[in-house]
Amino acid sequence: MLIRTKITNIGDPFILRRGSRYYMYATSAPDGFLCFSSGDLLDWKEIGYCYRGSAWGENCFWAPEVYEYRGSYYLLYTARRRADHSLRIGLAVAQSPEGPFRDLKEGPLFDPGYACIDATLLFDEGAVYLYYVRDCSENIVNGVHISEIYGVELTDDLLHFKGTPVRLAAPELPWETSLDPHWQWNEGPAVLKIGAVYYLNYSVNCFSSPDYSVGCATALHPLGPFVKYDEPVLRRAEGDFSGPGHNSFFTDRKGELYTAFHIHTDPAHPSGDRRACIAPAGVDGTGKFTIRL
């Protein structure tokens, strides 16, 4: 069942469950992030800012994700660095899921020398993996602006790389490259492990396009190699909704898997005004990942 929340004018929703409460974070304000809370996934209340302002970020506060880890709450986010106007990843910490979050560093979490966005974490058998996107704003290959997904293991304090980031996914399939020959995206990674298989969800095409969609790739190791499905696992439904994408995963109080994602608030006029949605997710009897609308 597809849950269309009343939360609009947002993007990139991420839901954290703590006990019987759910907390939603999203691209939602020009100078930080708003937090929303619910007890049933249907009725949401805006709490207010959980993070506001930045010592290093000037704007483009995007794609927040919050994790409970070692007794604290960690916020991963994207912002544009004031010093050079290039996109980077930040990390902040709080003692409550409602914040206030404070940056752990005076600058970005890491600096690979290129624009990067859309960070997410996977906790797997005592290890922590970071996934992020080398952004198409600065990544130009043979004249094409391309967004690519990278992964790397982190140290236990979440502050340093253990090894060199590995490129895991780039636009290559016909449905990923045919819409725009000059701008192509694999972005918004979300990774989960079911059994022995790692499932990488990722978004394709521009967020304001009706054809913004979610793809899936699988691997037997958190850093791949990942093999993509031939077709999206979530795409627009003609006459119903458009631009579904940038999803994330969480479990409800019963332990059932769900995904949160956004759609365009007005499908007839797709834009950055998007609605947060929730739907059950999982794998079928063959091990194929599915989102049940």
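Arg-70 counts as exposed, with 61% relative accessibility; here exposed means over 50% relative accessible area, buried under 20%, and partly exposed in between (1.4 Å probe, protein chains only). Its place is in the loop between β6 and β7, where strands are DSSP runs of E of at least two residues, numbered from the N terminus. Although Arg-70 is not a glycine, its phi is positive, at about 55 degrees. Most residues other than glycine have a negative phi, and most peptide bonds are trans.

Before going on, a word on the model. It is predicted, so local features need pLDDT of at least 70 and side-chain atom pairs count only at pLDDT 80 or more, while totals for chains, interfaces and linings use all residues. Residues are numbered from 1 along each chain as its sequence is written, and side-chain values use heavy atoms, with hydrogens and water left out.

Asn-205 also has a positive phi without being a glycine, of about 80 degrees. Asn-205 sits in the loop between β17 (197-204) and β18, and at 6% relative accessibility Asn-205 counts as buried. Loops hold two cis peptide bonds to look at as well. One runs from Gly-99 to Pro-100, with omega near 5 degrees, and Pro-100 belongs to the loop between β8 (87-94) and β9 (102-103). Another joins Gly-224 to Pro-225, with omega near 10 degrees; Pro-225 is in the loop between β18 (213-219) and β19 (227-228).

Now step inside. The largest nonpolar core has 38 residues, and Tyr-51, Leu-76, Tyr-77, Phe-101 and Leu-130 touch the most other members. Such a core is a set of buried Ala, Val, Leu, Ile, Met, Phe, Trp, Tyr and Cys residues joined through side-chain atoms within 4.5 Å. Strand β7 (residues 72-81) gives the most to this core, six residues. Apart from this core lies another, of 23 residues, including Ile-117 and Tyr-131.

Rings of Phe, Tyr and Trp (its six-membered ring) pair if their centres lie within 6.5 Å, and planes under 30 degrees apart count as stacked, over 60 as edge-to-face and the rest as tilted. By this rule there are 20 aromatic pairs. Tyr-51 and Tyr-77 have ring centres 4.9 Å apart and planes at 40 degrees, so their pair is tilted. Because Tyr-51 lies in strand β5 (residues 44-52) and Tyr-77 in strand β7, the pair ties together parts that are 26 residues apart in sequence. Elsewhere, ring pairs link Phe-14, Tyr-67, Tyr-69, Tyr-74 and Phe-123 into a cluster.

Phe-14 and Tyr-67 turn up again at the largest pocket: along with Ile-15, Phe-249 and Phe-250, they lie nearest its centre among 21 lining residues. A pocket, on a 1 Å grid over the protein atoms alone, is an open set of points where a 1.4 Å probe fits, with protein on both sides within 12 Å along at least five of seven lines; lining residues have an atom within 4 Å of a point. The largest pocket holds about 440 Å³ of space, a volume being the space filled by probe spheres set on the points, which are joined across faces, edges and corners. Strands supplying at least two lining residues each include β2 (11-18) and β20 (245-251).

Methods:
Helices (H or I, at least four residues) and strands (E, at least two) are DSSP runs, numbered from the N terminus.
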